[in-house]
Amino acid sequence: MIFELSGSTSSKSSLRIIPIFENSAADILPSKFGLDVHPSVFSGKKDSTYLLQHHDQLVLLVGLGEDQEINEVEKSFRRILSKNAEIIQDKVTLDFSQDLDSKLIESALIGFSLGGYSIDFFKREKDKKKDFRDLKVEVKSSIESIHLIVDRAEKISNAKIEAFKLVDLPPNVLTPTFLADWAKKLEGKNGLKAIIFDQKKAKSERLDAFLAVSRGSAKAPKFIILEHRHPKAKFHLGLVGKGVTFDTGGLNIKTQGMVHMKSDMGGAAAVLATTQLIVDLNLPINLTSIVPAVENAVDKDAYLPSEVIQSHAGLSIEVIDTDAEGRLILADGLSYLVQNYAIDQVIDLATLTGSSVATFGYECGALFSNSEDLSNNLQKAGLETFEKVWPLPMWENYRKEMDSEIADIKNYHGKPIAGAITAAKFLEAFIHEHPSWAHLDIAGVAYGDTEFSKTKSGTAFGVHLLLKFIENQL
Ligand code: BES
Ligand code: MG
Ligand code: ZN
């Protein structure tokens, strides 16, 4: 998709798309656009559209309802492209002459870009959906800073599409090595550094819990570090994303839902795509992102239930269940980050527990933090971006559940209760008492059903949330 500002091109588009608020439709359609549309046919109601021919141009009116939120506008615009491919030729105009505020225009542009995304990566060319890579999109608006809005929307939608892809690609393609290569490709952009630990280097860095999980897989583990540095940095943020490229459960093999476990790197996707976005926008922060990437599989070397393994933090861990693997790789990711970087705030994102899904469904992620400020800021950014996270308690009694008799801690308390909370308490043991840490369990929201695909797919949950969270502090 190639965005152009109105006035910078002369070629005429075959389709003009005009978003219209409900309360002003009757007024504005004739006065501003010279369109005579009876209110009984189109009145700007939410989710309504109306296609008409006006002179030599098709016009698509898109109803915004009376007062729309950014997520609704994004969805409406995503729908246009993903559901009306047949009316779209090589050029369209998005006409924001009815002055939407800049946030709504941004969402509309993001949504429109996302509309071109499809998961048909492996279909024969002739069976693929129309691809809109060369589609010219003329943006018409009287807002002076429209070029900045367009530029920013492009960067946000690129990051979201990247996050979609990382989750949607299958685990024979999207391996730990694929994620490491992805990170390497980003290197150099605005000075970004990518550091990849292979198995040998991870061993010498004592990332033993991370390596234990990888033992049952033929795919090489990769411990990925990205460093973005800015001369005017306001603070240093650390991100850690769970990068289990497929979770079979290990020897405690999954009996349910295994087919969805390519999404078990949803935390990594959020962290990598957010890092790309921060770098693209060159935001004035220092950011260190870590993605421990492994596959949790089964073979003769796979780690065993009851094994006692070591960890980067120096705590020994009794493995009760090999399917509680995410917390093991995160433990090493968090410990490595906190011990090697002077981080002001640490946030990890992980598709960590079925328990968080049982608690919140698909409505929000579970939020755990040892800092009230950090927790409040994340909660607020979540409400603002419609990528909601909601707090659960971190009382000490939950930590006791994870006590082991043979080791310093165990990876599962063996009970069908409080699974998301006890997992969070486990992680907390590995942050070296960093005063400002948050854990987002995004198992229910990173991947799921949407109107845009028949199968479950990636949602890019976390990208917009983290961007907002960061920008609220600048
Ligand atoms: N990747 C899963 C969690 C998950 C479940 C993600 C459903 C997305 C949807 C995680 O590794 C896992 O297996 N968790 C177990 C932990 C248990 C064995 C302590 C779970 O939640 O059942
Ligand atoms: Mg698991
Ligand atoms: Zn997992």
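The answer below starts at the zinc ion and moves on to salt bridges.

Analyst: Happy to! This is a predicted model, so local features need pLDDT of at least 70 and side-chain atom pairs pLDDT 80 or more, while totals for chains, interfaces and linings use all residues. Residues are numbered from 1 along each chain as written, chains are lettered from A and ligands numbered from 1 in written order, and side-chain values use heavy atoms, without hydrogens or water.

Four residues of the protein hold donors (N, O or S within 2.8 Å of the metal, 3.2 Å for Na, K and Ca) for the zinc ion (ligand 3): Lys242 through NZ, Asp247 and Asp264 through OD, and Glu325 through OE, at 2.0 to 2.4 Å. Around this zinc ion, six donor atoms subtend angles of 78 to 175 degrees, so the arrangement is octahedral (opposite donors over 155 degrees apart, all others between 65 and 115). Along the sequence, the spacing of the donor residues reads K-x4-D-x16-D-x60-E.

Asp247 sits in strand β10 (residues 243-247; strands are DSSP E runs of at least two residues, helices H or I runs of at least four), whereas Glu325 is in the loop between β13 (317-318) and α9 (326-340), 78 residues apart. Asp247 has 3% relative accessibility and Glu325 has 0%, so both count as buried (under 20%; exposed is over 50%, partly exposed in between, with a 1.4 Å probe and protein chains only).

Asp264 and Lys242 form a salt bridge, their closest N and O atoms lying 3.1 Å apart (Lys or Arg side-chain nitrogen within 4 Å of an Asp or Glu carboxyl oxygen). Because Asp264 lies in the loop between β10 and α8 and Lys242 in the loop between β9 (236-241) and β10, the pair ties together parts 22 residues apart in sequence. Asp264 is buried at 2% relative accessible area, and Lys242 is buried at 2% as well.

The whole structure has 35 salt bridges. Another of them joins Glu451 and Arg79, with the closest N and O atoms 2.7 Å apart. Since Glu451 is in the loop between β19 (447-450) and β20 (453-458) and Arg79 in helix α2 (residues 70-83), that pair ties together parts 372 residues apart. Here Glu451 is partly exposed at 35%, and Arg79 is partly exposed at 21%. Both belong to a salt-bridge network that also includes Lys46, Asp47, Glu72 and Lys83.

How values were computed. Tetrahedral: all angles 85-135°; square planar, octahedral: opposite > 155°, others 65-115°.
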